[in-house]
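Let's take a walk through this model, one feature at a time. Keep the sequence and the 3D view side by side as you read.

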Amino acid sequence: MKLSTRGRYGIHAMFDLAVNYDKGARPIKSIAESRGIPEAYLEQLFSALRKDNLVISTRGAQGGYVLSRSPKEITVGDVLRTLEGGLNLVDCLQEDDLCGKACDCPSRTIWKRLTDGVNHILDGITLQDMIDENQCRTAQEE
């Protein structure tokens, strides 16, 4: 599985919102600058994240984006599914008749187990976990 720029940038942007969760809405310009993500691209990502109820947007002078719920309640899997679509390693796991060999495919169970494992790991990592690990790594470097 190879993540696209959408997934990688989306995780970075959501991490930024998680770190600043208690500080209110973050302007998109601030997120873009701090994470090195083009503003226009970030707008596209947040549009999808807003539709899936992972972020809330506010307008006005103090406007921007904020997580829709606590960083403890949003997983990396939630973010990647929104931005990358399904997290299947092969397309045939989404569409049984894609290759016409679904029932007779010797490797299908391998791809299914790998996909299930990846999803299990991604659903087990919250944005709060990312914050905690980053703080630990920063403390070790000092």
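**Salt bridges, a pocket and a surface patch**

Aspartate 116 has a relative accessible area of 37%, so it counts as partly exposed. Bear in mind that you're looking at a predicted model. The side chain of aspartate 116 meets that of lysine 112 in a salt bridge, 2.9 Å from N to O. Both residues sit in helix α5, four residues apart, or about one turn of the helix. Lysine 112 is partly exposed too, with a relative accessible area of 41%.

Salt bridges that share partners also tie Asp16, Arg26 and Arg35 into one network. Aspartate 16 is buried, at a relative accessible area of 2%, while arginine 35 is partly exposed at 30%.

Now find arginine 81, which forms a salt bridge with aspartate 123; their closest N and O atoms are 2.8 Å apart. Again, distant parts of the chain are linked: arginine 81 is in helix α4 (residues 76-84) and aspartate 123 is in helix α5, 42 residues apart. Arginine 81 has 30% relative accessibility, so it counts as partly exposed, and aspartate 123 is partly exposed with a relative accessible area of 34%. A search of the whole structure turns up five salt bridges.

Staying with helix α5 (residues 108-123), look for isoleucine 110. Together with Trp111 and Leu114, Ile110 makes a nonpolar patch on the surface, with about 260 Å² of accessible area between the three residues. Isoleucine 110 is itself partly exposed, at 45% relative accessibility.

Next, where does the lining of the largest pocket come from? Helices α1 (5-19) and α6 (127-141) each supply at least two of its residues, and the largest share, four residues, comes from α6. The pocket has a volume of about 180 Å³. Its lining includes Phe15, Tyr21, Asp22, Lys23, Pro71 and Gln128. By class, that lining holds six nonpolar, three polar and two charged residues.

Last stop: the loop between α3 (39-51) and β1 (55-58), where you'll find asparagine 53. This residue has a positive phi of about 65 degrees, although it isn't a glycine. Asparagine 53 is exposed, with a relative accessible area of 52%.

Definitions and conventions: Residues are numbered from 1 along each chain as its sequence is written. This is a predicted model: local features need pLDDT of at least 70, side-chain atom pairs count only at pLDDT 80 or more; totals for chains, interfaces and linings use all residues. Side-chain values use heavy atoms; hydrogens and water are left out. On a 1 Å grid over the protein atoms alone, a cavity is a set of points where a 1.4 Å probe fits but cannot get out, and a pocket is an open set with protein on both sides within 12 Å along at least five of seven lines; lining residues have an atom within 4 Å of a point. Grid points are joined across faces, edges and corners, and a volume is the space filled by probe spheres set on the points. Ala, Val, Leu, Ile, Met, Phe, Trp, Tyr, Cys and Pro count as nonpolar, Asp, Glu, Lys and Arg as charged, and the others, Gly among them, as polar. Patches are made of residues with over 30% relative accessible area and no salt bridge: like charges are joined within 9 Å, nonpolar side chains (Val, Leu, Ile, Met, Phe, Trp, Tyr) within 5 Å. Accessible areas come from the Shrake-Rupley method with a 1.4 Å probe; for residues, only the protein chains shown count as cover. A salt bridge is a side-chain nitrogen of Lys or Arg within 4 Å of a carboxyl oxygen of Asp or Glu. Buried means under 20% relative accessible area, exposed over 50%, partly exposed in between (1.4 Å probe, protein chains only).
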